[in-house]
Amino acid sequence: MRFELLALYGGPDQVMTVTSGLASVLGLLLLFWNKVVGIFFKMVRMFRRSDAPATPKTSKDAPKKNLYSRVRSLRRKVIVIGLDGLEPSIVEAMLGRGELPHLAKIRGSGSYTRLKTTYPAQTPVAWSSFVTGTNPGGHGIFDFISRDPVTYLPDVALTRFERPKSMLAQARVVNRRQGVPLWQPLSKAGIPSTILRCPCTFPPEELLGRMLAGVGVPDLRGSQSKGTFYTQDRTVAAEDGEQLVFLDSGTGSELTTRVVGPRNPRTSPAVDTFCEVRVQVDQAAGKLVIHTGGSPSRIEVPEKGWSEWVRFKFKFSLLQSITGIARFYVRQIEPHLEFYVSAVNFDPAAPMFPVSAPPDYAKELSDKIGPFSTLGMAEDHNGLNNGRLDESAYLQHCDLVLGERERTMRFELDRFSEGLFFMLFDTPDRVQHMLWRFRDREHPGFEPDLSPELATRIEEHYRRCDALLSPVLEKVDETTLLIVLSDHGFGTFRRAFDTNTWLWKNQLLALKDGCKPGVTPGEGFAGVDWSKTYAYAVGLGGIYLNFERRESGGILEEGTEAERVRRAIQTGLADFPDLQTQRPVIRSVSRREELYSGAFVANSPDLLVNFHRGFRVSWQSAVGGFSHCMLEDNMRRWSGDHIVDPESVPGILFMNRAPQPHQRQDQARIIDLAPTILHYLGVAVPESMEGASLL
Ligand SMILES: [Zn+2]
């Protein structure tokens, strides 16, 4: 049976499919049924909750504070703007040219430094360390992708879907991020937080204030981003992470087709739900008129343009349905019709699972600013990776997402008067992932014809991000601590290294008779002989040893032999050469005990590969597969990345305050920010936080 991995990478970020029964996915399918069963009860609870003031469960435990401290924290405010993936070398060069005036102003009134990120330098890992003030061993998020030691299959590391315990119970989605996020001590102290689009906040937890979830929220089909390509060309085949629908190829100017919704749990086996749409082709005007069957019921979409959001209702039965929102993009009208429909997002006004706290906050926000993307990875990188969108269409889509975020920020800033305000803009990360090849002449995907126009789009986007800070600076007064940061830097991704193929070539991983890398089914370790395998790679840099009693087919005991395997991998991979480019691929391999401490270390990979800039783990190895060779050119449009040695991709940190003299600026770490914020607001820093206040 074929299931979709609920999936990610992420590099964040890429959706993939995995064959076989993944427990988490089965849970997701079951969850649709239980969602329907529980929908009535849930609505009742939601209405009740919405009537109640948003107070933390633990408010009665709030520590008694002295009057001075209370008054001081009431008056003080902290605004944090996250710009995901902003690269210091680009920022510094642009500052030097005077192209980032708002960031320059913050630096002038306070400070700027590069910011140490986490091992690995990944969005969900780094932002989880930002909010908990701990290394990943303290919050349990080590990668976008984890693995099930029983099945060895890759799994989404950010959330877990749990089967209901009875027919009447509801399935649950659980945030896997552990630790104490900074809004918990703030809530206990009676200080409100507004937390917008922070990764690993799905499902959102109760807090004093408001929260809108970010990276980790799936689309309506349980994927991290699955759009649909519509074409009259019957020779087209579906690509990774998309659905394909063939259109009638008649000569008329009107046709009908369907928007694909979630699978219907009422049917056995579960089948896709649909909403029928009627498409009129207006060739003279170069547009489509689409009768959506949803809301709005009629839209016009120009060729090479995106539509507004359309709300669809997918019916499971006469009485049961779920709504979702999607946008259309018209790729071409002639010589044959082709268009694209974005991943169907949870409807913020009625999401399948709560995407906000309080649960009705997302509806309130959509009532105020209009519908908005709820998907964790909202920018449609899959559409571009698969060639369904071109760079222009992708950048348009990024602009739409950024516009929604900006409206959200402005609306919330207007009513922000106390406590903590946090807003993350993911779009700079996504733009850099997909556009980097145009600025790197040595990238195998560099295109001399397109590059002159597209090479500077990343700088353009940085200028756009700088402009976002204008309304923020207007809000800053003498009682406000302003922090602008990125979670990691960025670089080129020219060559992909297949760790599993390397392990196989070095007799540390065995394939069954007749299986070969690149020939054997590509994902989920089909073909691996676990009885002769010492180590395997899953995720974006992690290597696990095949331990007895931990892995179901484990053969290694902790001790001399495990140590021999660790040393063999560390020495074999360090400075492994790329003979084609004459460059070293890997800077070092870290042991987890060197990197992590805390309650969740046991969930981390045993070893972490720290790549040199320009290299990254291969797409195949990340999901338990094998490439036919150890090193190959990265020809995907996903051409920039940051999952390399974290020492070489620090983030940026701007503050409108100067750090204390005893805090060496060049030593600022992402884990220092939560203690800094709590200290500024006069709240005791929890013992679990390892960082130290910079102020
Ligand atoms: Zn990224």
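This is a predicted model: local features need pLDDT of at least 70, side-chain atom pairs count only at pLDDT 80 or more; totals for chains, interfaces and linings use all residues.
User: What is Tyr536 in contact with, leaving aside its neighbours within four places in sequence?

Analyst: Tyr536 is in contact with Tyr152, Asn500, Leu503, Leu509, Phe525, Tyr544 and Asn546. Two residues are in contact if their C-beta atoms, placed from the backbone, lie within 7 Å.

User: Why are α3 and α13 called roughly perpendicular to each other?

Analyst: Helix α3 (residues 88-96) and helix α13 (residues 457-475) pack at an angle of about 70°. Angles of 65 to 115 degrees count as roughly perpendicular, and α3 and α13 are therefore roughly perpendicular to each other. The axes of these two helices are 11 Å apart.

User: Which residues make the contact, and how are they divided by class?

Analyst: Ile90, Val91 and Met94 of α3 meet Ile458, Glu459 and Tyr462 of α13. By class, the contact has five nonpolar, no polar and one charged residues. Glu counts as charged and Tyr as nonpolar.

User: Why does Arg637 count as buried?

Analyst: A residue is buried if 20 or more other C-beta atoms lie within 10 Å of its own. Arg637 has 20 C-beta neighbours inside 10 Å, and therefore counts as buried.

User: Where is Arg637 placed, and what is it in contact with?

Analyst: Arg637 is in the loop between β31 (631-633) and β32 (640-641). Leaving aside neighbours within four places in sequence, Arg637 is in contact with Leu384, Asn385, Met434 and Gly445. The C-alpha atoms of Arg637 and Phe446 are separated by 9.7 Å, although the two residues are 191 apart along the chain.

User: What describes the protein chain as a whole?

Analyst: The protein chain has 18 helices and 33 strands, and 54% of its 695 residues count as buried. Among contacts between residues at least 6 apart in sequence, 67% join residues at least 24 apart.

User: What is the predictor's confidence in the protein chain, and where does pLDDT stay under 50?

Analyst: The mean pLDDT is 88, and 87% of the residues reach 70 or more. Over residues 1-65, however, pLDDT stays under 50. For these residues the model has 144 contacts beyond four places in sequence.

Definitions and conventions
Residues are numbered from 1 along each chain as its sequence is written. Axes are lines fitted to C-alpha atoms, for helices over the stretch in contact, and angles run from 0 to 180 degrees between N-to-C directions. Helices (H or I, at least four residues) and strands (E, at least two) are DSSP runs, numbered from the N terminus. Angles under 35 degrees count as roughly parallel, over 145 as roughly antiparallel, 65 to 115 as roughly perpendicular and the rest as oblique. A residue is buried if 20 or more other C-beta atoms lie within 10 Å of its own, exposed if 12 or fewer, and partly exposed in between; C-beta atoms are placed from the backbone. pLDDT is the predictor's confidence in each residue, from 0 to 100.
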